[in-house]
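Let's take a walk through a protein together, with the 3D view open beside the text.

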Amino acid sequence: MEIVEKMTLNVDRIRKDFPIFDYPDNNNLTYLDNAATTQRPTQVLEEISRYYREYNANTHRGAYRNAEKATLAYEDAREKIARLINARSSREIIFVRGATEAINTAARGWGDRFVRPDDEILITEMEHHSNIVPWQMLVKRRNARLCYWAFDERNGMLEPDGLRIMLSSSTRLLALTHVSNALGTINPVKEIIHAAHARKITVLVDAAQSIPHMPVDVQDLDADMLVFSGHKLYGPTGIGVFYAKEEILNAMDPVQFGGDMIEHVDYFESTWNDLPWKFEGGTPNIAGGIGLGAAVDYVNQIGMEIISGHEKQLVQYALEKLSGVEGVRVYGPMDPDQHGSAVSFTLDRVHPHDLATWLDQHNIAIRSGHHCAQPVMRKLGVPATARISFGVYNTIQEIDRFIIALEQAKEYFSKWL
Ligand SMILES: Cc1ncc(COP(=O)(O)O)c(C=O)c1O
């Protein structure tokens, strides 16, 4: 098969890095829920374990050897992340729990400071709840307005005229996803940021679904703020990144107050630490940061371009195969160049939850539900979709296996309907 021959990734070799596939209970597991979370390679697990076993200590505090070692490892991870997204400096990399906490930090630390009554926050109709609810709360606090840039439900693309129509002299911020987790759409964020900047509008990019799957360069995009989660990038849960340009971080207020984030504390007043620690109150997720650094090493060692090319072939193949199944409706763009690593679909007269449960009995893990994007479901006119999403270890053979099981599910459920 042509697609298989084109692959430059040794997936058999890659799969050996992921112990979950060898665990007896997961015998023959086809894991197609990578948009929710990815699996972790041994390299990441070992690095976390090494920290706890060999040099466990708090960071930035002790003057003894292990404390210095822990601090160095944690700060080294920050450097790796800065390089991964081509930040100007690691001072622009704030460790948070994940994309959700990063957006909440932006809404509190930037929004509460700079959004005035009657200002507008523009988001798109395809956002994850994490990029909706913090802005809903901000506009309530600030007496501002939340506006939506619509997408076309026929192809899952943002309305081409939407930005021109929706941007106004009151728009203070545009917050949008790079890749939709519910539709798979890859948004042309570079062009969008350029257009927003021409009107002096600050832009936040939700890169939760792009960072694990394609090279992302914050300087090339000229993103003002950008967020992602470590667990979708083969790293641990509970760690993620809030990136913002240094001048923005300097102008923002911190949102977590306590130890580590201060420079000086007096009885009634305090001053803040330098970047990035100004935003990292309390003992950080040290093992998480170190683990995320190891995950960055892991993807770099394979090469993000290679991962991206591999997954594009999987997406192309899945789009073709799924559209060939009668009764299946695929959502989002059909062009693999515009479609990220998640593919959403419905099967006529079968609820996505029933389908996912049926596939689970065949050791195929897919996602079903609203994918934390209820406005997308409302627009599509469905309560839920089924979603398959790919990672570096997935194969064409797994898609074939999934398609065969899907056809069988269709036959099985047709008996009951
Ligand atoms: C596009 C998008 N944004 C934000 C999030 C939230 O990520 P987390 O739950 O890791 O904070 C997700 C998670 O699925 C996502 O897909």
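We'll begin with aromatic rings, move on to charged side chains, and end at the ligand.

Keep in mind that what you're looking at is a predicted model. A pair of aromatic rings is described by the distance of the centres and the angle of the planes. Rings count as a pair here if their centres lie within 6.5 Å, and the count comes to 14 aromatic pairs. Take phenylalanine 18 and tyrosine 234: their ring centres are 5.9 Å apart and the planes sit at 65 degrees, so this pair is edge-to-face, since the cut-off for that label is over 60 degrees. Now look at where the two partners sit. Phenylalanine 18 is in the loop between helix 2 (11-15) and strand 1 (30-31), while tyrosine 234 is in the loop between strand 9 (225-229) and strand 10 (240-244), so the pair ties together parts that are 216 residues apart in sequence. Phenylalanine 18 and tyrosine 234 are both buried.

For another example, find tyrosine 74 and phenylalanine 95. This aromatic pair is tilted, with 4.9 Å from centre to centre and 40 degrees between the planes. Tyrosine 74 belongs to helix 4 (residues 65-84) and phenylalanine 95 to strand 2 (residues 93-96), so here the parts tied together are 21 residues apart in sequence. Tyrosine 74 and phenylalanine 95 are both buried.

Rings can also link up into a group: ring pairs join Phe18, Phe21, Tyr234, Tyr298 and Tyr393 into a cluster. Elsewhere, lysine 379 lies over the face of phenylalanine 151, at 5.1 Å from the ring centre.

Next, hop over to arginine 329 in strand 13 (residues 328-330). Leaving out residues up to four places away in sequence, arginine 329 touches Glu153, Ser344, Phe345 and Thr346.

Finally, the ligand. It is surrounded by 13 residues, and the closest are Thr100, Asp206, Gln209, Ser229 and Lys232. A polar side-chain atom of serine 229 is 2.7 Å from an oxygen atom of the ligand. Histidine 231 has a side-chain N or O atom 2.7 Å from a ligand oxygen atom. Taken alone, the ligand exposes 390 Å², and the protein buries 85% of that.

Terms used:
Residues numbered from 1 in each chain as written. Predicted model: local features only at pLDDT ≥ 70, side-chain atom pairs only at ≥ 80, totals over all residues. Heavy atoms only, no water. Phe/Tyr/Trp six-rings, centres within 6.5 Å; stacked < 30°, edge-to-face > 60°. Helix = DSSP H or I, 4+ residues; strand = E, 2+ residues; numbered from the N terminus. Buried < 20%, exposed > 50% of the residue type's maximum accessible area, 1.4 Å probe, protein only. Lys NZ or Arg CZ within 6 Å of the ring centre and 35° of its normal. Contact = heavy atoms within 4.5 Å. Near = heavy atom within 4 Å. Polar contact = N/O pair within 3.5 Å; in protein donor to acceptor, adjacent residues only side chain to side chain. Areas by Shrake-Rupley, 256 points an atom, 1.4 Å probe, with all protein chains shown as cover.
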